[in-house]
Amino acid sequence: MPSNKSVSDAPIVQFTNCRILRSHQLQREDLWVREGKILNPEKLFFDEKGSADIQLDCKDSIVAPGFIDVQINGGFGVDFSLATDDFKSGIDLVSRKILSHGVTSFCPTLVTSPPAVYHQVLPQISVRNGGAHGAGVLAGAHLEGPFISKEKKGAHPEHCLRTFEEGAFQDLLATYGSLERVRIVTLAPEMKRSSEVIRELTKQGICVSLGHSVANLSQAEEAVQHGATFITHLFNAMLPFHHRDPGIVGLLTSDKIPAGRRVFYGMISDGIHTNPAALRIAHRAHPKGLVLVTDAIAGMGLAPGRHTLGQQVVEIDGLNTYIAGNCSVSPCSPGTKTLSGSVATMDTCVRHFQEATGCSVETALEAASLHPAQLLGIEHKKGTLNYDSDADFLMLNNSLYVQATYIAGEEVWRQEALGM
């Protein structure tokens, strides 16, 4: 067969002996990559008369789209909600470290902070493609607060919470400084004037998420009708499910969602934030909306002890993270017992989700890849291995441990012990 050199100077790489996650199924076929994109082999063979320049044996690995984390507050000692002049170096560190956990794209997340923090941090967030330098920064930041409920503030500092005044959207702009580098905003929909804010954010292409809220179901439905499409960490920091008014949780089975609209919801599948039974209930009620998030804080990847989450000090004990109580010894005796983010990695969340729900491997992998891409409206290029999509993918073993991470078709991380 003629070489592809007559068509393009870029080499074609053929990944063989693998099971590819495509069209919701693991399919035994080869993966073809050129210039950072997934190739259609039929077009290559019949239209271009081309062939592979390089063949790589995947040794029966699962090949799945790279994971996308739309709620990550930091990790490895870096806190995205702390304003520094060298914020970029923190982003760089986290983006490199999460490659080993299968994350190829993410939205840096800031918890409720003073306006000065947003004004200093947001201009330093640069949307960029992933590569050997680390995971890509997707479309902008996720701003979780400060327009949230005092009653369900969780680990968010109460003195920084804000409400919408007369010029509601202008209040938001003044608080954040700019929306240029913002992709998701979490707010409480029961707040006065929230509807006009949701409409305006949606008009500007920003995803509105409902969370840290005491909203009832009708208030949540109204928010969705105005454009909200996401729920921030379902079950956490919201009214518990009640049979007469299920609150925000009721959106999973609401009959008042506009036609053609899908409500997505984040789940922290770390075995701490959500009981496995609750995880199963949510998944069985609305499987196509489930988006796995880590909600990771600066302490992810570090030893137990005291770390930060924006304006708060948190105590890490195993996989438990709490707002630190007043004590002079470590570990701190139980203080508030308010959960404050997670230290679980995305690959751990995927494995726990699959084990807790008994779902298929395909379903577990798509909850961390396809679904967040759909939420952000980028499923034509991310979160999938369809032809012409970005060649961001993982090689995993049957137990869903990451063996290698690829971005734009280039290997950016490999588990040395499992080297091929």
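The axes of helix 7 (276–285) and helix 8 (346–357) come within 9 Å and cross at roughly 85 degrees, with helices being DSSP runs of H or I, at least four residues, and strands runs of E, at least two, both numbered from the N terminus. That makes helix 7 roughly perpendicular to helix 8 (the label covers 65 to 115 degrees). Keep in mind that this is a predicted model, where local features need pLDDT of at least 70, side-chain atom pairs need 80 or more, and totals for chains, interfaces and linings use all residues. Numbering starts from 1 along each chain as its sequence is written, and side-chain values use heavy atoms, without hydrogens or water.

- Helix 7 brings Pro276, Leu279, Arg280, His283 and Arg284 to the contact (heavy atoms within 4.5 Å).
- From helix 8 come His352, Phe353, Ala356 and Thr357.

**A closer look at helix 8**
- Its 12 residues reach 16 Å from first C-alpha to last, close to the 16 Å expected at 1.5 Å a residue (1.5 Å times one less than the number of residues).
- Buried residues here include Met346, Cys349, Val350 and Phe353 (under 20% relative accessible area, with a 1.4 Å probe and protein chains only).
- Among the elements covering the buried residues of helix 8 are strand 6 (67–72), helix 9 (361–367) and strand 21 (402–407).

**The core**
- The largest nonpolar core has 91 residues, and Leu187, Leu201 and Leu365 touch the most other members (a core is a set of buried Ala, Val, Leu, Ile, Met, Phe, Trp, Tyr and Cys residues joined through side-chain atoms within 4.5 Å).
- Helix 8 gives the most to this core, with 5 residues.

Key. Buried means under 20% relative accessible area, exposed over 50%, partly exposed in between (1.4 Å probe, protein chains only). Axes are lines fitted to C-alpha atoms, for helices over the stretch in contact, and angles run from 0 to 180 degrees between N-to-C directions. Angles under 35 degrees count as roughly parallel, over 145 as roughly antiparallel, 65 to 115 as roughly perpendicular and the rest as oblique.
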